[in-house]
2 protein chains.
Amino acid sequence: MYFHEAETLERGKLEELQVQRLKKTIEQAANSPYYSEVFKKNSIDPSVIKTADDITKLPFTTKDDLRSQYPYGLLTQPLDNFVRLHASSGTTGTPTAILYTQKDLDTWADLMARSMYSVGLRKSDIFQNMSGYGLFTGGLGIHYGAERLGCLTVPAGAGNTKRQIKLIRDFNVTGLHIIPSFALYFAAKVREEGFDPAEMPWKVALIGAEPHTEHTRRKIEELMHIKAYNSYGLSEMNGPGVAFECLEQNGMHVWEDSYIAEIINPETGEHVADGEVGELVMTTLTREGMPIIRYRTRDLTRFIPGECKCGRTSRRIDRIMGRADDMLILKGVNIYPMQIEKIIMGIPEVGQNYLIELIKEGLMDQIRVKVEIKEEYFIEDMRALQGIQKKIAGMLRDEILITPRVELVQHNSIPKSEGKAVRVVDLRDEE
Amino acid sequence: MYFHEAETLERGKLEELQVQRLKKTIEQAANSPYYSEVFKKNSIDPSVIKTADDITKLPFTTKDDLRSQYPYGLLTQPLDNFVRLHASSGTTGTPTAILYTQKDLDTWADLMARSMYSVGLRKSDIFQNMSGYGLFTGGLGIHYGAERLGCLTVPAGAGNTKRQIKLIRDFNVTGLHIIPSFALYFAAKVREEGFDPAEMPWKVALIGAEPHTEHTRRKIEELMHIKAYNSYGLSEMNGPGVAFECLEQNGMHVWEDSYIAEIINPETGEHVADGEVGELVMTTLTREGMPIIRYRTRDLTRFIPGECKCGRTSRRIDRIMGRADDMLILKGVNIYPMQIEKIIMGIPEVGQNYLIELIKEGLMDQIRVKVEIKEEYFIEDMRALQGIQKKIAGMLRDEILITPRVELVQHNSIPKSEGKAVRVVDLRDEE
């Protein structure tokens, strides 16, 4: 029932493996211009690592470090040895680029295949990859994993909904990779085309690449008649296949033979208590070309305490609860868009979409939340609507500690994107 | 100087290899529902093949055959053995789908790597793949070839011109895969961003996926300061990597150890004389999962007589001169859009873009050709413009035998697509 023996390694053995690989990673990283200097400055060499906890003796690596080292500063080998490059969009400044040797690509494909296996996908499955390809690691990362697993892989990419539906039906596609916000749109499209999602051949959806709530997952499962599994990955750690849910759907197993995960207090840099929320920090253990040590992901999550029923021994992280960078500060309060989504999607009258707008009221910043209401509730009874509006505002105030403006809008009135959903719009300069 | 020994095999030896592989292909194809029946009906088995010429004893396979056999009729193995699917868009009817085993993908990647090697690309090159990925074979086909060759491969995909330019500059990209019509647009974009194409690091561009003239190639080379190489491929024969130019830029070498190419008179089905234009017919020799025999490509070309200076012994095909399916019939005359492009792009006053419109004049069909004129010619002197217009119309009449309407338009006034260019628009129902 497991793809790789590392999945069920006894914790002591797993930590031995981590120590051994961390030492090797330090040795390899020392060949890069960046870490060579950092290690020299901090007197670091493989011998400082005796136990897995000794990782705290190593300095953090931040997104800014990656930017300042762009393009070659973290490479441990001549450029000639690399065969793949992925890059962030870099719309907000210098991009970051991750480079892979052939061995790194093989390792990544294996981890991704293992991830897919853990949610029940097998060689006999037909797998449609519905995410965009290109520089985004979610496309090629999942693609190579599916082929490695031996699935018949359909590189459908994003968009072209009708053809996607046709291929799914014609080839009895059993597995999908789909972005959560697109999944909701896609379910509606399937119905529009005259098909019942319950009669589609699909069984398993991988939904990653976009933070989403448990409610969104359940909604996807319900609307598509599919089992949806959450995954975690980021290009700095290869891409998808870093942590993945198992059939239990209760947290994502970090593949700890390939990564060391830590959760820290973002202010102090210290480890938080088991089960407490903090910033995820990740270290590669099996990347030769461009190892990254103690990377500050800015993603907020927690370790889920206890053992998983699936038998895997690796620790699980909870779904990502927001990004430190996405944080909105309003009237002195820190607000994560995910907090708003979590509340809204739990309200039965709410439809499939919402939008958070930052606006100016006089000189003050304010949040306006546009919420789509299901058709059956969007009736002429103003009093009922006002009641819903008030309820939503109240529940949001309880969660985010300020009272936002809530605007109820009709079903399908918020534009849907075929790609990653835009959930927050800043209108403060426009109103 | 060669990637594979098959490239310089003595012709006799090459034909021996073809015979042996064709026999094996027949044996494998007989395991598919479709060919099993076709072979039974025509009493075909491997023993009918004694020499390479005996391929004419085998029946043709057409696009309609592939459509009628969609989705599984041509598979020689259980679906479980396949790991990749590519499909045509199917906008005009049932799609066609090509399925690949892992071995087929490996063979394809090798052929593609060989193709790239033949135009001077090496492991040390940095290669940016600027075509869309997904179900289109041009994206993943070139991608896997570049990685197989060992190039640092940048899966940039289509669009996002600014980021493409940034990556090319930051990583000293030396090789590109770019669609011809996009290349012309891209050259202009590079200048717009303030860079001189002559100072870009690139050296080699693969330009396929779209029929184009020698003039277009020379224009790309001149505007981009790059060497541009033509390639031929189609998804039915895997995708790109079927025939490829060498450094001589004089015809595309068919990789005859993997494909048998024939050129026939599309009316009679007989081979045309050496050097004569006809329809290209292709047979796979190294595809195990879904072999296709004597596929009518509908592409018009000719064998280039004589030997190539590069030392490769495989026959060369000329650039594609049109598709039988693209043929416009106007006033009883067969017209290929490529004939029009060839003329237009040879006229010095013409800018970078043109558009062929099918219109109604009264009850008659007519062609209107919109032609962008270089800024320096688009002056207020009506008489000079009329002269250019008349010249173009005359030259087109000499080529296509009817006199089209010619409309001169300003530089950059015809919308450019970031993907495949739309060259013919049918407005007959609208005017």
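Author: In this model, 100% of the interface residues of chain B are also interface residues in chain A, so the copies meet through the same surface, contact meaning heavy atoms within 4.5 Å. The model is predicted, so local features need pLDDT of at least 70 and side-chain atom pairs count only at pLDDT 80 or more, while totals for chains, interfaces and linings use all residues. Residues are numbered from 1 along each chain as its sequence is written, chains are lettered from A in the order in which they are written, and side-chain values use heavy atoms, with hydrogens and water left out.

Reader: What rotation superposes chain B on chain A?

Author: Two copies of a chain are related by a rotation about an axis and a shift along it. Here the rotation is 180° with 0.1 Å of shift along its axis, and the RMSD is 0.1 Å, the superposition being by least squares on the C-alpha atoms of residues with pLDDT of at least 70 in both copies. The two copies are therefore related as by a two-fold rotation axis. In chain B, the C-alpha nearest that axis belongs to B:Tyr133, 3.1 Å from it.

Reader: What area is buried between chain B and chain A?

Author: The size of an interface is often given as the accessible area lost when the parts come together. Between chain B and chain A about 3400 Å² is buried, 61% of it from carbon and sulfur atoms (accessible area with a 1.4 Å probe, summed over both parts), and each of the two chains, B and A, brings 42 residues to the contact.

Methods
Buried area = accessible area lost by both parts, 1.4 Å probe.
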